[in-house]
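I opened the notebook to keep a record of what I looked up in this structure. The entries follow the order in which I looked.

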Amino acid sequence: MIPTVDFDAPGKQHGFLRLPHSRDDSAWGHVMIPICVVSGGQGPTALFIGGTHGDEYEGPIAIRELAATLRPEDVSGRVILLPTLNEPAFAAGLRCSPIDGGNLNRVFPGDARGTVTERIAAFANDSLIPMSDIVCDIHTGGRTLDFLPFAASHILADAEQDARCAAAARAFGAPYTLRMLEIDDSGMLDGAVERAGKTFVTTELGGAGMARASTTAIAKRGLRNLLIQKEIVEGDLIETPTQQLDMPGDDCFHFAESFGLFDPLVDLGATLKRGDALARIWPHGRTDVAAETLIAKRDGLFLGRHVSGLIKPGDCAAVLASPC
Ligand code: CA
């Protein structure tokens, strides 16, 4: 990976992470991942990432706006902006890379001699994360999931780091703030950042393969709030009401077991009791087969859902969270 920016230089630089990718249509070609670095003297480094999954848009929009508007004279420290980290996936409007099928949030710590996606992860893991103090990776549900907008931190073994990450997630100021117990973080950027001892905030700010005015506004405000909370930019936190949520176990997740028409019986934001009907799945192709009913496995807030009108076995149909 060849950065065209100097991470130690003062001022504002726009450039690329240039990744050699020799292929049929470009023998000495490269993948060009856009990057902006804004440095203004002493202070911590913030790393803001969008487009880890290429079909999620709030992060890229908020980070592009920050790259256009943030001035080095307003920065104490350094802000590294990567609107579309998995650039090949983003350019194709896909979650995973069309080059190698790679899911950038499942290949960490990456491999500097591996596939394109593994090499992007390796550069983030070996170079970008070590130079950063706080990392925010903005996710949404992509084309296939939709979420009530939340910022999240993971429950971490180190109490000081746990409190630091939870405070940053609260400062982000999304309508919902979640504490997540990650049962398996293998391959995720999240775990790579947290194991390095850094402050980490992730989000799910919507989805359905599009950006909304409301959720892009949350992303823009959230990133600005993180810069203010870390004293990289001066100003007052824009505080908005947030509801604290917990996602304590596997019974938050509801998966389809049949193929058919997805018939939601409640919308996102509904409060459910254990045993309530969440949705039905009508088997496709004939009228004499009964619907499968998806039942809430716990009390909770309907936080995330399957998007498409069709659903198949194994798809995540619904996610419930517990209000604290
Ligand atoms: Ca995502």
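**Entry 1: ground rules**

I noted that this is a predicted model, in which local features need pLDDT of at least 70 and side-chain atom pairs count only at pLDDT 80 or more, while totals for chains, interfaces and linings use all residues. Residues are numbered from 1 along each chain as its sequence is written, and side-chain values use heavy atoms, with hydrogens and water left out.

**Entry 2: salt bridges**

How many salt bridges does a search of the whole structure find? I got 16. The term stands for a side-chain nitrogen of Lys or Arg within 4 Å of a carboxyl oxygen of Asp or Glu.

I looked up E65 and K220, whose side chains form a salt bridge at 3.2 Å, N to O. E65 belongs to helix 1 (residues 58-69) and K220 to helix 6 (residues 213-229), so this pair ties together parts that are 155 residues apart in sequence. Helices here are DSSP runs of H or I with at least four residues, strands are runs of E with at least two, and both are numbered from the N terminus.

I then checked the cover of the two partners. E65 is partly exposed at a relative accessible area of 38%, and K220 is partly exposed at 30%. For these words I used under 20% relative accessible area for buried, over 50% for exposed and partly exposed in between, with a 1.4 Å probe and protein chains only.

The next pair was D299 and K273, with a salt bridge of 3.9 Å, N to O. D299 sits in the loop between strand 16 (292-295) and strand 17 (300-306), and K273 in the loop between strand 14 (271-272) and strand 15 (277-283), so the pair ties together parts that are 26 residues apart in sequence. D299 counts as partly exposed at 39% relative accessibility, whereas K273 is exposed with a relative accessible area of 52%.

I also found that salt bridges with shared partners join R71, E73 and D74 into one network. Within it, the closest N and O atoms of E73 and R71 are 3.8 Å apart. E73 is exposed at 58% relative accessibility, and R71 is partly exposed at 45%.

**Entry 3: an open sheet and a patch**

I traced an open sheet of four strands in the order 16-15-13-18, with antiparallel pairing. Which strands stand at the edges? Strand 16 and strand 18 (310-311) do, each with a single partner strand, so one side of each has no neighbour in the sheet. Pairing requires that DSSP finds at least two bridges between two strands.

Strand 13 (residues 260-264) is joined to strand 18 by two bridges. There, L261 stands opposite L310.

Both residues turned up again in a nonpolar surface patch, made of F259, L261, W282 and L310, with about 380 Å² of accessible area together. Such a patch takes residues with over 30% relative accessible area and no salt bridge, its nonpolar side chains (Val, Leu, Ile, Met, Phe, Trp, Tyr) being joined within 5 Å. Accessible areas come from the Shrake-Rupley method with a 1.4 Å probe, and for residues only the protein chains shown count as cover. F259 lies in the loop between strand 12 (253-255) and strand 13, and is partly exposed at 42% relative accessibility.

**Entry 4: nonpolar cores**

I looked up the largest nonpolar core, which has 30 residues; F48, F172, L223 and L227 have the most contacts inside it. A core is a set of buried Ala, Val, Leu, Ile, Met, Phe, Trp, Tyr and Cys residues joined through side-chain atoms within 4.5 Å. Helix 6 gives the largest share of this core, six residues.

For L227 I listed contacts (heavy atoms within 4.5 Å). Neighbours within four places in sequence aside, L227 touches A46, F48, L66, L70, V79, I232 and V233. Apart from this core lies another, of 27 residues, including V31 and I120.

**Entry 5: strand 17**

Is strand 17 mostly covered or mostly exposed? Mostly covered: seven of its seven residues are buried.

I noted its antiparallel partners. Strand 7 (residues 145-147) pairs with strand 17 over three bridges, with D146 opposite R305. Strand 14 pairs with strand 17 over two bridges, with L272 opposite G300. Strand 19 (residues 316-323) pairs with strand 17 over four bridges, and there A318 is the bridge partner of R305.

Notes:
Patches are made of residues with over 30% relative accessible area and no salt bridge: like charges are joined within 9 Å, nonpolar side chains (Val, Leu, Ile, Met, Phe, Trp, Tyr) within 5 Å.
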